[in-house]
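Subject: Structure for you to look at

Hello,

Here is the structure I promised to hand over. Please open it first, then read my notes below.

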Amino acid sequence: MTVAAPLDVYRDVVRTEWIDNNGHMNVGYYLVVFDYATDAFFRWVGLDDAHRRAAGVTTFCLEAHVTYHREVREGDPLRFTTLLLGHDAKRLHYIHQMYHAAEGYLAATNELMSLHVSEETRRGAPMVPAILERLRLMQAAHDKLERPPQLGRRMGLAAPPTTR
């Protein structure tokens, strides 16, 4: 099986209802469209709706970080790539990069940690072997790529200079 590195399967367009008073995509809708990119990633891995229903599982987001680089406006085409950063039997760590699909610039990133969950217990549960194997293959391909500089960023202000 050939695995794209990074995964490049999701496209969208900035919708009218996503535009704020500044004339660009509102910050809340970045999370919406990144969530659509996550859905596409999970479908590729095998965590699609049919599997979730049949196995009684789902995923929960444990943590998410968004960085904003350049604005996008109504009607702009969007292209998303996904890089699998790490995984174990229950968790997936990944980052999406959102590009302006026509102009090619990086607009935003979304780093996430997701937990595979049993719907019955509402606790973390291991993924099935077929999905873990697909993740293993993806991980091997993605580990060869350079990590984006937005990965693992902290937010804060530099300490003010001291005066004497």
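**A buried threonine**

Thr81 has its place in strand E3, residues 77-87. Bear in mind that this is a predicted model. Is Thr81 buried or exposed? Its relative accessibility is 4%, so Thr81 counts as buried, the cut-off being under 20%. Which residues does Thr81 touch, leaving aside its neighbours within four places in sequence? Thr81 is in contact with Pro6, Leu7 and Asp8, and also with Ile95, His96, Gln97 and Tyr99.

**Rings that pair**

I then turned to the aromatic rings. A search of the whole structure gives seven aromatic pairs. One of them joins Tyr30 and Tyr68. This pair is edge-to-face, with 4.9 Å from centre to centre and 90 degrees between the planes. Tyr30 lies in helix H1 (residues 27-45) and Tyr68 lies in strand E2 (residues 57-68), so the pair ties together parts that are 38 residues apart in sequence. Tyr30 counts as buried, at 4% relative accessibility. Tyr68 is partly exposed, because its relative accessible area of 43% falls between the 20% and 50% cut-offs.

Ring pairs link Tyr10, Phe34 and Phe80.

**Charges over rings**

Arg70 has its charged end over the ring of Tyr105, 3.7 Å from the ring centre. Arg134 has its charged end over the ring of Trp44, 4.1 Å from the ring centre.

**Two helices that cross**

Now to the helices. Two packed helices are described by the angle between their axes and the distance between the axes. For H1 and helix H3 (residues 129-142), the axes come within 9 Å and cross at roughly 110 degrees. That angle lies in the 65 to 115 range, so H1 is roughly perpendicular to H3.

Which residues meet there? From H1 come Phe41, Trp44 and Val45. From H3 come Ile131, Arg134, Leu135 and Met138. The residues of this contact divide into six nonpolar, no polar and one charged. Arg134 counts as charged, and Arg134 is the residue with its charged end over the ring of Trp44.

Best wishes

How values were computed
Residues are numbered from 1 along each chain as its sequence is written. This is a predicted model: local features need pLDDT of at least 70, side-chain atom pairs count only at pLDDT 80 or more; totals for chains, interfaces and linings use all residues. Side-chain values use heavy atoms; hydrogens and water are left out. Rings of Phe, Tyr and Trp (its six-membered ring) pair if their centres lie within 6.5 Å; planes under 30 degrees apart count as stacked, over 60 as edge-to-face and the rest as tilted. Helices (H or I, at least four residues) and strands (E, at least two) are DSSP runs, numbered from the N terminus. Buried means under 20% relative accessible area, exposed over 50%, partly exposed in between (1.4 Å probe, protein chains only). A charge sits over a ring if NZ of Lys or CZ of Arg is within 6 Å of the ring centre and within 35 degrees of the ring normal. Axes are lines fitted to C-alpha atoms, for helices over the stretch in contact, and angles run from 0 to 180 degrees between N-to-C directions. Angles under 35 degrees count as roughly parallel, over 145 as roughly antiparallel, 65 to 115 as roughly perpendicular and the rest as oblique. Contact means heavy atoms within 4.5 Å.
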